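My notes follow in the order I took them.

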Amino acid sequence: MRLWGIGLLALLLVGVLMAIGQTGLFAGLTNRDRLGPPYFDDYEAGSIKYTGDAGRSVFVAQTHPDTPLILSGLPSYVSKAFRLPVDARPRSGVYNVFFRVDAAKGAQGALRVTINGIKRADVLLGEGRTQQQAEVQLTPSELAARQLDVKLALIGRGPLAECTPAEAMSAVVTILPQSGLSLRLDRPVASLRDKLALWGSLIPVDWEDRGDPADTAAMIAAARLVEKGQMTYFGEKGLSAKELGDMLKVASQPDFASDLRIRQGLLTYPIPLVSDIANGGARRFDRETTWRYSYNIADLPGGALPSTLDLHMVMGPLAGTRTTMVVMLNDRLVWTRALGQAGDKDETGKPAASQFHVNQSIQLPADLHKARNDLEITLTSYSETDMRCGAMRLIAAEMLPNTVLQAGPRTILPAMQLRAALQAAQPVRLASEPLTAPDAQAASLLLSNLAPSRLRFDDKAPRATVQVFAGDVAAKVARLRPGPARWIVSAPADKRDEVSAEPLTPSARALSDNVVLVVTFAQPPRLPTVPVTIPTATPSPTGTASPAARGASQQ
């Protein structure tokens, strides 16, 4: 009887523990949840709170934090540039990378750090939700460089102990804003260009919330800095309008294009995709990998949109896999192909089992383009079965250097028309109601799209006026008379789009936004209406996706 009682008591205890476990009471004691729920920082603030230029020990932030650095899945890749001081020279330094890991049980992965093309570190990922750090001592050749190109790769494999769906994601790594260079300099930082380098081209702007009157001089200077490829962040601490003007002179120098991937100044056709360091070299991957290239219309020669992607890649082995390549422009499908299918031959005429070549000319429709564009080439290679059980299939693939964008026609957008009209109606007056820091930053970004560096701002006898409205825009703008001499400018729903510019009417889409610019001309402007077409570059010889090697030229 006593044994029966003990058995029943044990069963009762197990049941109670299972019930409590389902409530999540023990979640805080497990490895996966010991850091609490996932947390993602304000990426637009970059590393501002960690930067400083006092003394000889300084922190150098990554340039142009236009997107959060998140690596999702195995493998995945991101890259960033760090600009080193020019006048105060580094004597020693380290690259510190801080990152949060969320890895599935059984995942085996590492974060690989490559600096200027040299693999410098592999850091094993902890299981569950953890926070980790790695420190890489910089070499003399790296300290002497003008810029460090850092490539971060999440490599490894997913759980193998049991069968998992082929598309399962096994690890996510978030790079934290305190990641950057810690340098010891030979002298304290004194020059503006060194300060801009330390800040990573993210410039703090001093803004008093709801200041009356609004600091339009600071807003104009910040907009001009953004136009030059820098970034700004409005807050309680930062640079005044005069200091921003001094910084603008430095940021206007050709050497200070902010980000090699996004804002590298005027490009030249044909544009190689491996100019983004994350796309160079061979990759070994399991399941899926993606090559990405981003470009702004403002950086294209003559504003000419690319019409064709000449894609050249080599990969393998593909035997026993279901391998597919997909090309997308701004999340829209432009081309897809199943590779290594029955009947495909390699360069020797044998079945394509070891090496496969893709040589494809892919059309990029003009109507899919935005002001900022994201091109993605994704290669998926799964086992012929839907489940992966205890084995990993590694595929090697490389984007060849002659993968390029070819030039197409130029298109006139409404925002381009408005920019041209403002340049013909100078001087221009900027007026604003009191604004919060976020609203002022949004207004400054809108203004940066109107080519403010080409405008002369003056309150005396203006031929055009730009007014900033925030909050209940529809009610505030209702007192203005619509007409051909009045336009309204607002931010797009998709940050990659050109700003929305349209004549002010009672049904204008921008009236539902919270921050807008209203442009009023003294006389109705004459707007360019005919698109200008420039000659299209002669495309390189291409064919269909084929396993026949065509001798890719090294550029």
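**Entry 1: salt bridges**

I searched the whole structure and got 10 salt bridges. I counted a side-chain nitrogen of Lys or Arg within 4 Å of a carboxyl oxygen of Asp or Glu. This is a predicted model: local features need pLDDT of at least 70, side-chain atom pairs count only at pLDDT 80 or more, and totals for chains, interfaces and linings use all residues. Residues are numbered from 1 along each chain as its sequence is written, and side-chain values use heavy atoms, with hydrogens and water left out.

I looked at aspartate 102 first. Its side chain meets that of arginine 129 in a salt bridge, 3.2 Å from N to O. The pair links distant parts of the chain, 27 residues apart: aspartate 102 sits in strand β4 (residues 90-103) and arginine 129 in strand β7 (residues 128-137). Strands here are DSSP runs of E, at least two residues; helices are runs of H or I, at least four; both are numbered from the N terminus. Is arginine 129 buried or exposed? Arginine 129 is buried, at 12% relative accessible area. My cut-offs: buried is under 20%, exposed over 50%, partly exposed in between (1.4 Å probe, protein chains only).

Next I checked aspartate 246. Aspartate 246 forms a salt bridge with lysine 242, with the closest N and O atoms 3.4 Å apart. The two are four residues apart in helix α5, so about one helical turn separates them. Aspartate 246 is partly exposed at 26%, and lysine 242 is exposed at 64%. I also noted a network: salt bridges with shared partners join Arg112, Lys119 and Asp122.

**Entry 2: helix α5**

I stayed on α5 (residues 241-251). Leu244, Met247, Leu248, Val250 and Ala251 are buried there. What do the buried residues of α5 pack against? I found α3 (192-198), β12 (202-206) and α4 (216-227), with contact meaning heavy atoms within 4.5 Å.

**Entry 3: strand β8**

I turned to β8 (residues 147-157). Nine of its 11 residues are buried, so β8 is largely enclosed by the rest of the structure. Eight bridges join β3 (residues 76-83) to β8, antiparallel. Strands pair if DSSP finds at least two bridges between them. Alanine 81 has aspartate 149 of β8 as its bridge partner. Eight bridges also join β5 (residues 108-115) to β8, again antiparallel. There, leucine 111 is partnered by leucine 154 of β8.
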